[in-house]
Structures are given as structure tokens and as C-alpha cells.
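This briefing is for a reader new to the structure.

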Amino acid sequence: MLKTFPTGGVHPPENKLTAGIPIEYLQVPGNVVIPLSQHIGTPANPLVSKGDKVKTGQLIGEGKGFVSANIHSSVSGKVSKVDTAADSSGLKQLAVYIDVEGDEWIDTIDRSTEIVREIKISPEEIIKKCFDSGIVGMGGATFPSHIKLNVPTGKKCDVLIINGVECEPYLTSDHRLMLEKGEEILVGVSILMKALKVEKAMIGIENNKADAISHLTSLASSFTGISVHPLKVKYPQGAEKQLIKALINREVPSGKLPIDVGAVVHNTGTAFAVYEAVQKNKPLIDRVVTVTGKSVSRPGNYMIRIGTPLSKVLEAAGGIPDGTGKIINGGPMMGKAVSNTDAPLVKGMSGIILVPAAEAEREPINPCIRCAKCVSACPIHLEPFLLMTLSERGMFERAAAEKITDCMECGCCSFTCPAGRPLLDYIRLGKSTVIRMARQKVLK
Amino acid sequence: MTNILNVAPSPHAHGKESTRKLMFNVVIALIPAFLISVFYFGIGAIIVTAASVLSCLLFEFLIQKFVLKKPISITDGSALVTGLLLAFNLPSNIPVLIVVIGSFVSIVIAKMTFGGLGNNPFNPALVGRVFMLISFPVQMTTWPVPKGLGTSYLDAVTGATPLAILKGGIARGQSITEIMSQLPTPAQMFLGNIGGSMGEVAAVALLIGFVWLLIRKVITWHIPVAVIGSIAIFTGILWLINPEKNADPLFHILAGGVLLGAIYMATDYVTSPMVPRAMLIYGCGIGIITVIIRVYGAYPEGVSFAILIMNAFVPLMNAYIKPGRFGEEVKHG
């Protein structure tokens, strides 16, 4: 029996249209816009101003405070301005605009394709290198990676878990990376193990990626302490807590972190970025993005420089097909709808999905028939139907008692509801209100 | 940019399930039982079913159109299911007018007065059925003897149900061995060749429907298994204590409305609990109350009452029986 998390979860149609398409390097665009906040936490401080010449890989934004990350130029050229730019949801934030001139990289970056396996630097130096290189969680959450590598005093990490699950439908960027950069990922995993001082790393991959499982399994035999674990396909297995449950049968308590049960989780894409940062001295300036959709003419997996306008990315994939009703940044279950196609590509974008209009509309809302499908689909074992009603009626204290803040917004409830009820919309409303109320009480 | 983009929040995907599909899956699951009831009870089964279904749909339509003035939703299949289940709980020789009165109580009083689909505390079909049982006790307990397709409608030959034979026999002081000689064999009961409500007689058809409901994930196993299991255990204990005074568990499960009730009535979404643990408690409650009524009560059968009584506890169970939240118990591997 393949491992998985025991209760809850759904099986959305996989639609991995691009699983067989190799990663293609996208041409450097004519100009880029690099936001200074591409991570959870404090935005980086700009280090350049209008007229400055920059090289590819040069530090242009300095991480500030405990939770923050560095930002590097992904191109060479001239800074045209430092100004606000609208992100894919239309929200404005500070960004560096660069007009591209050639592609001149800073000298310290090793651009050869030769794989370097020997890890020469100490754990402390690895953590510093991750911070310096602007490494953040590549699965979409964009939490600065160096923080997760600093195990707090009094806590102990005994296993590193590598997330190769990619449970969101459509997305194949991690899948392709595992197939094409498998050895680099495993070196990256070894680097993370050294930084965390653990002997054991487990890579979890869902069984729909049999080629990646067998490829990494055979490569892993020449690495110490790394094992590959096939998992039964079930969404949301890529959620940190569900993956930990599936692989090592430990439950991260409500409000706690994986480290509280002795585990640290990193994404395969992050492991690759760590490899490039530590062994090749290359900061995080590009990433693999799955650009896909049922009517997209050239769907694929593209290696794209950070800051490339989404419109250029969509052009490479054959443009926006007629009748597109929605563009999703991320997967269909947890991704955000894009309202601004001029927005730049950022570190956390693992996929762009173009959805035909017919599939972009929601079902009409019908009365709750109390079928309890949302209850059995919830991987956190909440009662979504109840949380929706409580939010709808403004009963936030009761919602807090029913653990509304434990919701990770995976969307299983809304997905499974036969009455087409917007369960997660209301739960988000209730959750944010409860969090705000809790904060205000603290502030008083 | 000419494309107008939809920017609703996630999830951007929706499963294939809908209320209508779930309801029609229940209808499909009831087809074998309907065919068998026609096979044993003839034209009466068709007349009663048609009267019940059509009047349920009509009452729902009239209330939505003229009283609530809301969009008409009779195509969602819920009134169809109520109509079918009500008919399945009736003898096949009952006059149409009584059926229509039962439908009125089911739809208008038990369902629409509470706000329609999703809001009724009690199973509408059972409220209608119990109302009819109390108001028309003669017609509701005059069961046609299964004579095959040629069984006539209103003037059918009548006889007692197995449970009534059992109750009457025990009241007269007969031993189980004596009573058993008058009862149909388990095989006859399994195939439905017995007197009773038209939809409840054929265990085999109801079990086929159960498998269908499980495959289509319309219901989970919890409630039916809890009902049937608790009846088997309770009657099993009584039978072991005194096999000359109490019928065996297999008889209790195959006779009367246990299977119809456990699989199709107790599992009604709206009136059953939402959490698996509560479903098991609810199911056991139904089983225990059923046996108490059958063995110690005035009525030979108690499934309908048992389900309605447990329906009343569902809001309480929903309020106090919670799923074990993820991460509540810290397990170290």
C-alpha cells in the first residue's frame, strides 16, 4: 500500500498536460520589473536608483529584518526607475525597472553545466549563502529559506522532508526539474541536510510521476541518507502538514510548525535553487514555470528570468487563446486569479494556467443539503459547512472556537460541495476577521 | 486586451458532483426495489408510486410558486426521492386519495414549512408515513399478499406481514417454533415474496441499491452498518437468552423496514448527523429503538418511529460531537 495522509482530501482531474515537455529557456525580455517584495515578510530595501548599470545576478535589494529576502537583478542593463508596479492581482508595490542591455553576468557566478557534488562550506556558511542568494520557498509560499534552516534552540530536527508532491492539477515544473536536474536537486538536498545537521532526508513524490520516482531513486543510491518515497495521489498532499503525516506519521499540532515534530520541509525547486546558490554561486534569478491550459497552443515548462512581464511569458506559450475566461497564477486549487497580465513573474510563481471561459464560471449556489462531503474532504477535520454559516452570520467567536484559523485554504470543501456553495470564500472572511480580532485584543 | 478575465478566489476547480446528480443516484438505487415490488404486487405498486411522486412534485411546485414565490427547484430531485420513499413505505393497495394526503404532509408540513430542502429536522417521507399510519390505521396495515404481476389493486387479497404474525403469535403465547412454521422462509424474505410495504420487501434489491450508493459515494457505510449491526446484536442477545420467545437476528433484519430504513431513510442527508462518529451513534440509536418497539411496544414495527426519534437528536449531535481535529493528538512515530 502506498503511503498517503489518512483522512480528507479530494481527487481533482490531474490535467498534467505538460508532463512530457522538457524545460525550455525563455529568451531574456527587453525590459524587466523586479518587485522588492517577492517573499513573505518585510520588503527588501532598494540598493540601486535610476540610471545605475546592473549586471545579471547583482544584488539590487537588500533583505531587511528577520523575515525578509535579498533581491537580485535577473538581467544586465540600466535601471530606468524605482517605482511602484502592480502585481498579478493588481496590488501595487515597490519594484526596480530595468531596460535590458545584453546579458552580462557578474563574474562570481559559475555558469558551466558541470555538476559539483562536493560541499565545501560549513552549515553556518550555507545558511548565510541562502540568505545572500535570496532563496525562498519555491512551492508558492515564498517563505525565506534561511529561516527554516536555523533550527531554534531547544528544538531538534531529525528528518528533512523534500516536497516533490506537486499535487496541484496542471503544474509540472517540479516534475520536469526532478527529471532534468535530478542530480543537482540531490546535491541541494545534501546541502540542506548539512545545514540542518540531519542524517536523513525523505523525498515524497506522488505516484503519477513514476519516471521522476525511478530516476531519483536510482540517483539517490550514490548519496547518503536520501530516500525516495512514492505516495498515493491525493490533493492536498503537498501541504506541509499532510506531507509530514503521510511520510512519517506525525501530526503538526494546531498553530505549531513542522520543527515542533522534528521535521523541516523544503520543496524540490528550493533544493535546486540551494544547489545553484551554494555550488554555483548563482542567486535566485530565474525559475521553472508551467504555462498551460486546455486551449493553449504552446503549453510548456519554461525557465524564465524573474521580472519578465507575464504578457511575454504568455506570448511564448502562443498567446492568450480566444475565449479565455480566467488566468491563474499557481494551481487551480490554491492559485490566485490574475487580473493584470502586465505584472512581472516573481519567485513564487510555479505555473500560469489559462482557463476557458466555460470553466471559469462558478456553479450556481444551491441550499446546503447537509451531505457532509465537506466534512469528509477537510484534511484538517474541520466542519466547513458550519464555519461558512458562522462567518455568514457574523458569529466569529464561535468560529474561532471551531478552529477556523486552522484552515489552510486548500479548497477541498468548495471543490467537493454538490450544492456549489462558496465555503472557502466565507471561511476566508471568518478566518481573517478572527485573526484581526485576536490581534486587536493583543494590541489593547 | 480584449479578454475579460474572471478573478474569483480559489479554488478554481469544482468537482463533478451536484445535488441533482446525488438525488438521481438515489433514484437509480431504488429502481431494483421498485421493479421487484411491481413484480410481486402488480399494477397497485405502479399506481401508488405514481400518485406519491406526482403529488409530492406538485405540492412542492405549488408552495414554491404561490406561497414562497421563490424560484422553482422541483427538478433538483429531492421531492422525487421523497415521493418514491413515501410510496415504498406504503402498502400497494392503498387508495390514491390517502397517498395524496400523505404527500401533502410530507412536502408541505414536514419540508416546506421549515424552509424547504436542507432545513427540515425530520425525514419528510417518514413524517408523511407516520401521519398516515395514525390517521388511517386500517388502510395502512392491510397488506396485499404478493400474487405477482396480476395482483389487483384495491381489492387485492390481504394477509399479515411477518412482523405482525410474530407479534400476534407471541401475544397468543405461541412459541417461536410454532410461529416460525407460519412465517416465510429467509429465502422468500430475501427475495421479497412476503407481505409488507411495497418497497421494503425485497432485501436483495435494497442491498443492490446500497452497493450502488456506496460505489457512487452518495452515502458512507456508517449509518446503515450501525443500524443493522445494532439490531443484529440486540436481537441476537435476546435470542440467545430465550430462543423460544424471541425471533433470530436474521429474521429481524430481513423482516419489515430495517433495510429500507437503514439504507435509504436514516441516511437522508438533511436529517442525519455530519460527523462519522455521530453517524454511528445515530445508527445504533435507531437500531436499539427499533428493537425496543418491536419486542416491547404496541406496534409490530418500529423503524419509522426510531428514525424520527433519532432525527430529533441530530442537531444536538451536530453541536457536540466534533471530528478529532488534525494535530489534536500529537503522535510521534
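Gly83(B) touches Ser52(B), Val53(B), Cys56(B), Leu57(B) and Ser103(B), leaving aside residues up to four places away in sequence; two residues are in contact if their C-beta atoms, placed from the backbone, lie within 7 Å. This is a predicted model, in which local features need pLDDT of at least 70, side-chain atom pairs count only at pLDDT 80 or more, and totals for chains, interfaces and linings use all residues. Residues are numbered from 1 along each chain as its sequence is written, while chains are lettered from A and ligands numbered from 1 in the order in which they are written.

**Gly83 of chain B**

- Gly83(B) is found in helix H3 (residues 78-88) of chain B; helices (H or I, at least four residues) and strands (E, at least two) are DSSP runs, numbered from the N terminus.
- Gly83(B) is buried, with 30 other C-beta atoms within 10 Å.
- A residue is buried if 20 or more other C-beta atoms lie within 10 Å of its own, exposed if 12 or fewer, and partly exposed in between, with C-beta atoms placed from the backbone.
- Val48(B) is 35 residues from Gly83(B) along the chain, and their C-alpha atoms are separated by 9.9 Å.

**Chain B as a whole**

- Chain B has 15 helices and two strands.
- The radius of gyration of chain B is 21 Å, close to the 20 Å that the globule rule gives for 333 residues, so chain B is as compact as a globular protein of that length.
- The radius of gyration is taken over C-alpha atoms, and the globule rule is 2.2 Å times the number of residues to the power 0.38.
- Along the principal axes, the C-alpha atoms of chain B fill a box of roughly 85 × 60 × 30 Å.
- Of the 333 residues of chain B, 52% count as buried.
- Of the contacts in chain B between residues at least 6 apart in sequence, 73% join residues at least 24 apart.

**Helix H1 of chain B**

- Helix H1 (residues 19-41) of chain B has 23 residues and should span 33 Å at 1.5 Å a residue; its end C-alpha atoms are 32 Å apart, which agrees.
- The expected span of a helix is 1.5 Å times one less than its number of residues.
- H1(B) bends by about 35° at Ile31(B), and a proline, Pro32(B), follows within four residues; the bend at a residue is the angle between axes fitted to the seven residues ending there and the seven starting there.

**Chain A as a whole**

- Chain A has 14 helices and 17 strands.
- A compact globule with 444 residues would have a radius of gyration near 22 Å, and chain A has 22 Å, which agrees.
- The C-alpha atoms of chain A fill a box of roughly 65 × 55 × 50 Å, taken along the principal axes.
- Buried residues make up 55% of the 444 residues in chain A.

**The six-stranded sheet of chain A**

- Six strands of chain A form an open sheet in the order E1-E14-E13-E17-E15-E16, and the pairing is mixed; two strands pair if DSSP finds at least two bridges between them.
- The edge strands are E1 (23-25) and E16 (336-337) of chain A, each pairing on one side only.
- E1(A) and E14(A) run parallel and are joined by three bridges, with Asn301(A) in E14(A) as the bridge partner of Ile23(A).
- Six bridges join E13(A) to E14(A), which run antiparallel; Thr290(A) stands opposite Asn301(A), and Val288(A) stands opposite Met303(A).
- E13(A) and E17(A) run parallel over three bridges, and Ile352(A) in E17(A) is the bridge partner of Val291(A).
- Strand E15 (residues 324-329) of chain A runs antiparallel to strand E17 (residues 351-356) of chain A, with five bridges between them.
- Seven of the seven residues of E13(A) are buried, so E13(A) is largely enclosed by the rest of the structure.
- In E14(A), five of six residues are buried.

**The three-stranded sheet of chain A**

- Three strands of chain A form an open sheet in the order E3-E5-E6, and the pairing is antiparallel.
- Strand E3 (45-46) and strand E6 (71-72) of chain A stand at the edges with a single partner strand each, so one side of each is left without a neighbour in the sheet.
- Strand E5 (residues 59-62) of chain A pairs with E6(A) over two bridges, and Gly61(A) stands opposite Ile71(A).
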